[in-house]
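Here is a short briefing on a protein model.

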2 protein chains.
Amino acid sequence: MVEKYKTVLVVGGEGEKCREVAEGYGFQDVVTPGDIIKYNEATTPFRRLTNEERARSRRRDFSKTRIEAIFVFADSRDWASDIQIMLDLAMSKGGYIGTLSDTFDEGPTIYFSHNDIVWSAAHDNVRIGMGALRKMVEILFKDLTKGKELETIAFGKPQIGTFQFATRLLQQWRKEEHHINRPPETVYFVGDTPESDIKGTNNYNENAKNDWYSILVNTGVYQEGTEPTYKPRVNVSTVLDAVQYGIKREMEWKLEEIR
Amino acid sequence: MVEKYKTVLVVGGEGEKCREVAEGYGFQDVVTPGDIIKYNEATTPFRRLTNEERARSRRRDFSKTRIEAIFVFADSRDWASDIQIMLDLAMSKGGYIGTLSDTFDEGPTIYFSHNDIVWSAAHDNVRIGMGALRKMVEILFKDLTKGKELETIAFGKPQIGTFQFATRLLQQWRKEEHHINRPPETVYFVGDTPESDIKGTNNYNENAKNDWYSILVNTGVYQEGTEPTYKPRVNVSTVLDAVQYGIKREMEWKLEEIR
């Protein structure tokens, strides 16, 4: 990604954090929705930058800036503005803000770091999340272009890349910390959302060399007593129970080896 | 409406303006999204009230408050929070925040003051508006309830009530200001959106006692050179041209009467 795209727009998160993350990943030129609003405040008629936001947003000439990709790294704090800017770019002539494509198929690709419509937070009921934002961008694009389809990419769970990345991280950690230079035999994957965590783990397990073991907890999006859309290998109450389940299973394994 | 509903939630606009408008209309008990967030900050995980917002939001016990209707009077300043709160109520047991209905058909009715997906502002390209927000609430409701339909109501153009209301206002104004106690013979309706302004005017004209004359301007949502979805009686460049067109037409009328 870092080699593929020169200038990227990052969306979401608090303040400048997502820009810092993207620059940390090695992206050469990172812009934010704040930069675009600072360039043209008419972009978002109901949103004025605060003084602090205006100060840290960067001044540049967007008529000469080709935005090559959009990354939604963390949840958007301002849906109306972020959706507007993503649609402006998706409908632009080749990623130049302020232009309008004749064909609506030359805008930058939009990547979302996950695709869950809902997630579980401190509130009793689930909260809407990034998957809902993605859906809105796609639906409004179709509406505004009178029928053109916008294909965005979600790179989080249940996408295979996420599991491959986790596998590489685990292998590296085992090597560096424990000097064991082979992948773990079993990976216990604890999740609260059948449609992403469990679906992804089960799918990945089908072709993985090691055993990816899906555990669903009742303390998140999934509600106890209902039928999960994707079935976990085991269902437990809390994350602590999941950890204990994994440890117990491993210990029994070891015991059998000794006998 | 004022007699029908005791406690209503108003959404949109700057600060407390919509609450003031609703109280001005005579609603007995008006709550805002800010009141709900003040009651339970977990409602909107990515949104903290500012000190000013917290001070002016009202403290109350929402476990004992039945919200009977929701009115979106002006454009939402915070889509994520407003959509979340509208969905929470639409999915609630009879309008009690924090509850979850078993049947998802007992939430308060949601009214939107207009239904335009896009509108024309200072930006070169059209901006997304309240119609987009309405669409998102309906689509996400269907998603979260696994297929239930949410029927919201848009009470602006092209709804007949808006034109009836304008007729009453015009008649009252003519009576009070000009002592003419009859409706105007011709009403020139100037609009920039074929799908709402022109559609509504033409529809209303079919059954109106007087002549509702639709004029479309090129300076707004409608783009010159394209075929409008709903045809106006006349198409002009700007609002000033529309006014001049109406005056000229009326003067010619008068001249013919004299001859």
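A residue counts as buried when its relative accessible area is under 20%, as exposed when it is over 50%, and as partly exposed in between. S81(B) has a relative accessible area of 5%, so it is buried. The model is predicted.

- S81(B) sits in helix α4 of chain B, which spans residues 79-90.
- Leaving aside residues up to four places away in sequence, S81(B) touches I37(B), T44(B) and R47(B).

**The interface of chain B and chain A**
- The size of an interface is often given as the accessible area lost when the parts come together.
- Chain B and chain A bury about 3100 Å² between them.
- Carbon and sulfur atoms give 65% of that area.
- On the chain B side, F46(B), R127(B) and I128(B) supply 21% of the area buried against chain A.
- The contact takes 34 residues of chain B and 34 residues of chain A.
- There are 4 salt bridges between chain B and chain A.
- K135(B) and D143(A) form a salt bridge through their side chains, at 2.6 Å from N to O.

**Two domains in chain A**
- Chain A splits into domain 1 (7-154) and domain 2 (160-258).
- The C-alpha centres of domain 1 and domain 2 of chain A are 33 Å apart.
- Domain 1 of chain A brings 5 residues to the contact, and domain 2 of chain A brings 6 residues.
- These two domains of chain A bury about 340 Å² between them, with 54% of it on carbon and sulfur atoms.
- Within domain 1 of chain A, the residues that lose the most area to domain 2 are D116(A), S120(A) and V126(A). Together they make up 77% of what that side buries.
- How many salt bridges cross the interface of domain 1 and domain 2 of chain A? The rule finds 0.

**A nonpolar patch on chain A**
- V190(A), V239(A), V243(A), I247(A) and M251(A) form a nonpolar patch on the surface.
- Together these residues have about 420 Å² of accessible area.
- Which helix gives the most to the nonpolar patch? Helix α8 of chain A (residues 239-258) does, with 4 residues.
- V239(A) lies in helix α8 of chain A.
- V239(A) is partly exposed, because its relative accessible area is 47%.

Terms used. Residues are numbered from 1 along each chain as its sequence is written. Chains are lettered from A and ligands numbered from 1 in the order in which they are written. This is a predicted model: local features need pLDDT of at least 70, side-chain atom pairs count only at pLDDT 80 or more; totals for chains, interfaces and linings use all residues. Side-chain values use heavy atoms; hydrogens and water are left out. Patches are made of residues with over 30% relative accessible area and no salt bridge: like charges are joined within 9 Å, nonpolar side chains (Val, Leu, Ile, Met, Phe, Trp, Tyr) within 5 Å. Accessible areas come from the Shrake-Rupley method with a 1.4 Å probe; for residues, only the protein chains shown count as cover. Helices (H or I, at least four residues) and strands (E, at least two) are DSSP runs, numbered from the N terminus. Buried means under 20% relative accessible area, exposed over 50%, partly exposed in between (1.4 Å probe, protein chains only). Contact means heavy atoms within 4.5 Å. Domain bounds come from an automatic or database domain assignment. Buried area is the accessible area (1.4 Å probe) that two parts lose on being put together, summed over both.
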